[in-house]
Amino acid sequence: MEEENFEENCEDQLEVGQIEKALSDGASAEEIRRICIGKSIPDEYRAEIWKICLNVKNKPDSLSDWKEELNMEQQNILREDCMRELAKLQLDDHEKEAQMLCDMEAVLTFYCYARQLIYEKENGWPELLLPFAALGLPRSDLYNCFYAFTSKYIPKQCHRSPKPFQVFRLLLQYHDPELCLFLDTEKISPEMYMRPWFRSLFENICDFKATQTIWDIYFIQNDPFLVFFAALVLLLNSKDSITSMKGDSKERICAHIRNIPIQMGANDVPDFMSLAEYYEQRTPISLKWKYYSPLFGSKETDDQFDDLFNLLCLPISVEEIINAQKATSDENVVAYFVVDCRPAEQYNIGHLPTAFHLDANLMLQEPTEFSAAVQALLSTKKHFIENGSKSAGEHMCFIGSGRELEDQYLHMVIAYFLQRCTKNVSVIHGGYAALGNLQSDSIDPQLAELISTLVIKYSSKEEQSSTADERESSESDNASKGGGLVSRLSSSIKQKSTKFFSAQTSDSNRHLKPDTSGKPYRAQKPVFSIEDDEHDEESSSSQKEMVNIFTWKKRSDVVYYCNCKQITDDGSTIKGHLILTASLLFVLHDIPNRQNLVTIEGRHELKSIVKITAKKNNPNVITFKFGFADGNDIQVVSIQRFWIDRADKATKVITDSIVKLLAEEESSQTETHDTQTEVFKI
């Protein structure tokens, strides 16, 4: 044991000698980081190293012209917060403690004046200032360090906004969807337990010596995003204790998670931060590309946050997929298993070289075929990984066309995998339509040619139509080329699912269909009227699929959402929800004792709704009649009744959506007819 301590001390002495020489030579921040990486910083050199890493050494004194007016309205609150923080140091020297209190109060007061901010009780600033004050820095350096640190290393908006924490939720879902689902089910969002961690960079919860060691590594790594992965490690390492609290109150679970860092000592920090770096290397770099600027950038921008709460899973850029394919030999690059969820004829026209095919439409049209296709997909993924293939990795990345209407089935497929707690699930942001943003000089010529073809296809507002014969010829030609990775595997996987790699159905069968046939009802009678209900048989239930209502109602294609109670034949009710998109009405039922989880009981095309009626004596009871027009007659094939609060609003939105959809179809048919007439004239 003594020999080990002697070797460690010798190693520390060598590091101290290097640091002394570097500091005396005026080393840059890069040189300091190179010397100190992976090493603990000696206490006597911490102040100088921190100043160099924060780029504030020899900066001018910002407080030189300030008259030190300590007369803010919140001055007493600020002073009390500073005193509470100083008590953590347990100083015996009261004169030193008084001076530190004066310095902290002056720095934070000037910060409020300079930034025109109002101090709020327990906002985290004294917590961030204390580690710098403990170094005995002069007041000018104290302010410069505090300003630089808060500007670069603390996520913006983490004091009030939930946005930084929603980014963390995407990260947690990516690495441990099971734990994420548990917290979602308990209705515990990350800001409920993580806000103190982010706003103080763990200072307010960790041992003070542990905090200094964490900050040492932060400054040496120079990576503000590391706080997200440090928080991730804390949750992953405590997963068992968190999930064992199922049934406890939200407050108790949040308090338990919030106090996890208390257990960490200074000696635990290096391993803890090494794990954070490990998970960072195994996370798509797109997370940083997309959110670094709004979280840590110098400019206030929320552009990248616009769709944050509508995201089903972690979005990654198509550039990252291309770069990963070019650098598959690099262990630090995330290896992807790309799943192309477009219809088969689109896939056969062109696809990314290593993309595997899974037709998303099968999920609704052929659930059994879809399940078989998924099993074949997962078996192929496992086979490729076990054999060390460079064409597939652990990280599943889904891609669609990039068109919102077409990709609604893609989102359902992603939800399917997330509900089964599949790890490392992501989606390519913008789909194939985003390929046009790639720089052609950064990719190989063959891929550039493919991209140019696909960009033309997806940049147009509507795809050019083709005959069935032309489509079959195109599929046959592409299959004979054998250019993609999937084509080389098709013989083995087709045995499990003939629809996995090629389309065997017509265009009409690749889209969601109602339970009826025939032409849609077109305004022979009013769509919505007030009259007594008629009692017919309800439609049989469709294939049930579990989804997360919290995720579903935030989908980008949702036009309207409301709670409801479906009324059964015997008069009993089932709690549920109605979700309206531009072309579909979804009926969802709550699952007893499963918070946020629901089953899909019905998927109805809006065109199949032939009538909406309300009871005169109870206008909140709404009846939907589904069917089709047969000449001048209306064939009703299904009736469903619901109790809906504010039913007038719900029926108006649904009615307006039906009218809009039918008008758009009639307009499209008119344009087609006019075009055909012009061609005939020519």
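Colleague: At what angle do helix H20 and helix H21 pack?
Modeller: About 65°, with the axes of H20 (residues 367-386) and H21 (residues 408-419) 13 Å apart. Axes are lines fitted to C-alpha atoms, for helices over the stretch in contact, and angles run from 0 to 180 degrees between N-to-C directions. This is a predicted model, where local features need pLDDT of at least 70, side-chain atom pairs count only at pLDDT 80 or more, and totals for chains, interfaces and linings use all residues. Residues are numbered from 1 along each chain as its sequence is written, and side-chain values use heavy atoms, with hydrogens and water left out.

Colleague: How are H20 and H21 oriented to each other, then?
Modeller: Roughly perpendicular. Angles of 65 to 115 degrees get that name, under 35 is roughly parallel, over 145 roughly antiparallel, and the rest oblique.

Colleague: Which residues make that contact?
Modeller: H20 brings Phe370, Ser371, Val374, Leu377 and Leu378, while H21 brings Val413, Tyr416 and Phe417. Contact means heavy atoms within 4.5 Å. By class, that is 7 nonpolar, 1 polar and no charged residues. Ala, Val, Leu, Ile, Met, Phe, Trp, Tyr, Cys and Pro count as nonpolar, Asp, Glu, Lys and Arg as charged, and the others, Gly among them, as polar.

Colleague: OK, next pair. How do H10 and H12 cross?
Modeller: Their axes come within 11 Å and cross at roughly 135°, so H10 and H12 are oblique to each other.

Colleague: And what meets what there?
Modeller: From H10 you get Tyr193, Met194, Trp197 and Phe198, which meet Val227, Phe228, Ala231, Leu234 and Leu235 in H12. That contact has 9 nonpolar, no polar and no charged residues.

Colleague: Switching to H9, which residues are buried?
Modeller: In H9 (residues 177-185), the buried ones are Pro177, Leu179, Cys180, Phe182, Leu183 and Asp184. Buried means under 20% relative accessible area, exposed over 50%, partly exposed in between (1.4 Å probe, protein chains only).

Colleague: What do they pack against?
Modeller: Helices H8 (163-175), H10 (191-200), H12 (226-237), H13 (239-243) and H14 (250-258). H9 is followed by Lys187, which has a positive phi, near 60°.

Colleague: Last topic, cysteines. How many disulfides?
Modeller: The count is 0 disulfides, taking a disulfide as a pair of cysteine sulfur atoms within 2.5 Å.

Colleague: Is Cys112 buried or exposed?
Modeller: Buried, because its relative accessibility is 2%. Cys102 is at 40%, so Cys102 counts as partly exposed.

Methods:
Helix = DSSP H or I, 4+ residues; strand = E, 2+ residues; numbered from the N terminus.
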